[in-house]
Amino acid sequence: MAQTQSGAEGLRSLPALLQRNATKFANRPAYREKEFGIWQCWTWAETEKEIEALALGFINLGVKEGDFIAIIGRNRPYMYWSMVAAQSVGAVPVPLYQDAVAEEMSYVLGHCGARFVIAGDQEQVDKVIEIQDRLPNLEHVIYLDPRGLRKYDHTRLHQYSHIQNQGRAAHDELIGELKRRREALDYDSTCVMLYTSGTTGKPKGVVLSNRNVIESAKNSAEFDNLTEEENILSYLPMAWVGDFIFSIGQAYWCGFCVNCPESPDTMMIDLREIGPTYFFAPPRVFETQLTNVMIRMEDAGALKYALFHHFMDFAKGGAGEKYGMPRRKRSVLTLKRRLVRAWRYAMGVGFAIETLIENAIRLFFYKLRYGKEARAHFKARDPLGLMLYPEPLRSYFKYRMGEVLIYGPLKDTLGFGRIRVAYTAGEAIGPEIFEFFRSLGINLKQLYGQTEATVFITVQPDGEVRADTVGVPAPDVEIRIDESGEIYYRSPGVFVEYFKNPESTASTKDAEGWVATGDAGFFEEGSGHLRIIDRAKDVGKLADGRMFAPKFVENKLKFYPDILEAVLFGNRRDFCVAFINIDLTAVGNWAERNNIAYASYQELAGHPQVLDTIQKHVEEVNESVAQDSMLSGCQIHRFVVLHKELDADDGELTRTRKVRRRIIEEKYADIIDALYDGSSKVSTETEVTYEDGRKGSIRATLEIRDARVVQDPKRMAAE
Amino acid sequence: MLDASGDGYITEDGRKIGGVVMEMRNITLRFGGVVAIKNISFDIREGEIRAIIGPNGAGKSSMLNVISGFYVPQEGEVWFRGEKRPPMKPYEVARQGIARTFQNIALFEGMSVLDNVMTGRLTHMKTGLMAQAIWKGKAEEEETANREVVEKIIDFLEIQHIRKTPVSRLPYGLKKRVELARALAAEPKLLLLDEPMAGMNVEEKEDMSRFILDVNDEFGTTIALIEHDMGVVMDLSDRVVVMDYGKKIGDGTPDEVRNNQEVIDAYLGVAHD
């Protein structure tokens, strides 16, 4: 089997993979980071030297086998190196969310008892210093960016480069120890510990072994033909399992290049400069990009506007799926690929010219026939159509033309010009968003995964991609669904345990290795694709016994660009009500266009015209929900547009931006009561936490609206 | 280092301030019959943050213009690094290592942020017009070296994301930051800031204050600034000069100035009887 095979090659740990890459791909790029305006590059051979120096520095500093090293900072090559350096010396890296406030950090650092912290900059160091009294185990803090830290007390504080220098200086005496520790790593030793964001309660530390990480990386890399030629952009939080698998697991297994953006603000510019071939993003990123494109198209000239909409409508009609998808199995452009590409481009240009000539000739004859009304008659027929050719040739040529005029330039602007495989996961993606990117010829697919599974549970294979399912079981993954509808899986990626939490481990993972996902879903007849309904524990019942699945409705709402977040309530109640957050970018842009003045988020959210628009959306959703016989009870009877954005700093969302239902229910109990008691207004005061941890409060009077609901014909008949 | 006469002092937060860098001796500046500055003397020491405050029309900006060589005072002497400074053109002053920002932003609106900041390196460029036009050898090397310095400053002030954006498209707060970047690009010994925080909101002020402190800390630049926001001035500066109607009415640490009766009168007003 594959497992034993990779074991036999001696590739049982990430440091071992690093050694292999340093010889096999010695001169290929391993990491790039934009700094001082230039992409700085490290080859695998250089990377190995850097990591070795750091690992030696760790031993020199007193890191022991089994220690925990917390890593807090934005995505930078240095931070990734420190993870592998920690593994090399037998320690366990624990990446943390960098935007976590000191309080949250203190729990995680205390729970794993980290002796060492590697912090990105002054901000992170300050947070650690703030909570260090509560962390008896903490011994040393290593920082990367020395800016502003010169005057700090340096008895327990060290600069990253100094640690590396000390490591290099002590090379001869410590290298033996490093080799011994590196060789002691086996397939079942701990690779990394990742804290789940925890939609309920305290975060749990998920322990993943080398087997979990390497097997998952290997299977998924083979699934998508990933090779050393890929380029990815690492911008997702390092504490998230997805980033660990993509930027470390798969990168080390395949030997491809990890690119880090210059700063979080420049992510979109850097994306375009790098042009990744393999990309991963939560739906939110695609959503933002689509919103931006649409907003900017509104400002475009008439010709561009018309061309864009003409070709987008055409591509969405299925032509994109048929003619646009990249067919190549490798990301690198061979001579043959280049020729095909040039040929297609030439065809696109050719047919653009051909269409112009064709239209000119046609207009000439129209003029002969209709005289002055020629233009009106001409416009009545599709003026861009290639009328001379029969289907499917016509569509093919038209798509090639669109590729030259619209799809290609747009993909290039978005930074998706070279994408061969792109994934989205974490939340459901809006069908329109999904369709938009796919019709451009971007192979965007969905996957379903968890930290506990080392990401992969199901994935969509090329050619079987749909917006409403999450695909078939990933390689080596077995799935079963129990009577209540909850999904269970078993795979080589199944986590070892929750750290210091045997009860939770036992309740999640049974003796045979089956893990409960906590999600309810079913396999679709025929296609064998998995469909997710909702979190199993969130699925409830209304007072009259009808099914209540909040996410189903919330997702439908969130697909409107105006709505950023929605929370549905109704479990054990008579009817459903909803909280809605508007999207400031989209609604703000709309307000600007319509000369609606607003001074703040709160004011815009309470504007009667905004409420009208949202009400229209809600009523449309109600109609669509009513179609589903099982869930027709989830229609929204009353709703309120919240006066503040739900925020992770206030604990309302997780760091991965999932809604924390219970906390919201408690915090806004007054608004929920008002929604159910029939009043038309509610005054409330809410506590908010600013980014630096200070607290404040905002007061607001919110208008509650009633939405029209569609009566269930069956129920009406029964009554 | 710059001056032999000074003994210096230690600030509250433990920074070591060196000797006198710039000394103004009995400066008087008139515009026709209007006396903008009346017989003012004060000094700026190496490594310190020196604030000049005062109500509107007190003569603060005129004072800054005297330091930067834009105005030549009718009476009095300007001593820089232990030497009496003869009347100079502003570019000569810039070559001596004095850079400034303006109250009303004075950037090249049509140029990108990067190009704007590069202009700050002009005093460090030695190749001539022809060499620059031909762009080979020395001119190219020089530009590369200058670009490196500029990129460090862009990184320092966290404006990477707008590197290539034309300045006219930027919001006010960022323009101010770009102006600071341009002044820093000259690698000045003495940095003059004319109301760096005017018209900013609290968050932008906090950011700007942090940058000013970081500049002082990281590059050891001596800073003289004019500011209206008392909170900012008292937090940032090591010593403060207070002016009113062209006269100096106070000079000392923020605490001393705060308790100075004349200063209180000037700011709160006093009954004339």
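The side chains of Lys84(B) and Glu77(B) meet in a salt bridge, with N and O 3.6 Å apart; the term stands for a side-chain nitrogen of Lys or Arg within 4 Å of a carboxyl oxygen of Asp or Glu. Lys84(B) is partly exposed at a relative accessible area of 48%, and Glu77(B), at 28%, is partly exposed as well. Here buried means under 20% relative accessible area, exposed over 50%, and partly exposed in between, with a 1.4 Å probe and protein chains only.

Before going on, a word on the model and its numbering. This is a predicted model, in which local features need pLDDT of at least 70 and side-chain atom pairs count only at pLDDT 80 or more, while totals for chains, interfaces and linings use all residues. Residues are numbered from 1 along each chain as its sequence is written, chains are lettered from A and ligands numbered from 1 in the order in which they are written, and side-chain values use heavy atoms, leaving out hydrogens and water.

Let us stay with salt bridges for a moment. A search of the whole structure finds 64 of them over all chains. One of the pairs is Glu33(A) with Arg76(A), at 2.7 Å from N to O. That pair joins distant parts of the chain, 43 residues apart: Glu33(A) belongs to strand β1 (residues 29–35), and Arg76(A) to the loop between β3 (68–72) and α4 (77–88) of chain A. Helices (H or I, at least four residues) and strands (E, at least two) are DSSP runs, numbered from the N terminus. Both Glu33(A) and Arg76(A) are buried. Another pair, Glu48(A) and Lys49(A), meets at 3.7 Å; Glu48(A) is buried at 9% relative accessible area, whereas Lys49(A) is exposed at 53%. In chain B, salt bridges link Asp43(B), Glu48(B), Arg50(B), Arg239(B), Lys248(B) and Asp251(B) into a network.

Now look at where the two chains meet. The contact (heavy atoms within 4.5 Å) takes 14 residues from chain B and 12 residues from chain A. Gln160(B), His161(B) and Asp217(B) supply 36% of the area that chain B buries against chain A, more than any other three residues. Together the chains bury about 1,300 Å², 42% of it from carbon and sulfur atoms; buried area is the accessible area (1.4 Å probe) that two parts lose on being put together, summed over both. There are 4 salt bridges between chain B and chain A, and Arg147(A) forms one with Asp214(B), the closest N and O atoms being 3.2 Å apart.

Chain B itself is divided into domain 1 (1–97 + 188–273) and domain 2 (110–186), with bounds from an automatic or database domain assignment. Their centres, taken over C-alpha atoms, are separated by 27 Å. These two domains bury about 1,300 Å² between them, 75% of it on carbon and sulfur atoms, and 2 salt bridges are found across their interface.

Chain A has domain 1 (12–276), domain 2 (284–422), domain 3 (443–535) and domain 4 (540–718). Domains 1 and 4 of chain A have centres 40 Å apart over C-alpha atoms, yet 9 residues of domain 1 contact 9 residues of domain 4. About 770 Å² is buried between these domains of chain A, 53% of it on carbon and sulfur atoms, with 0 salt bridges.
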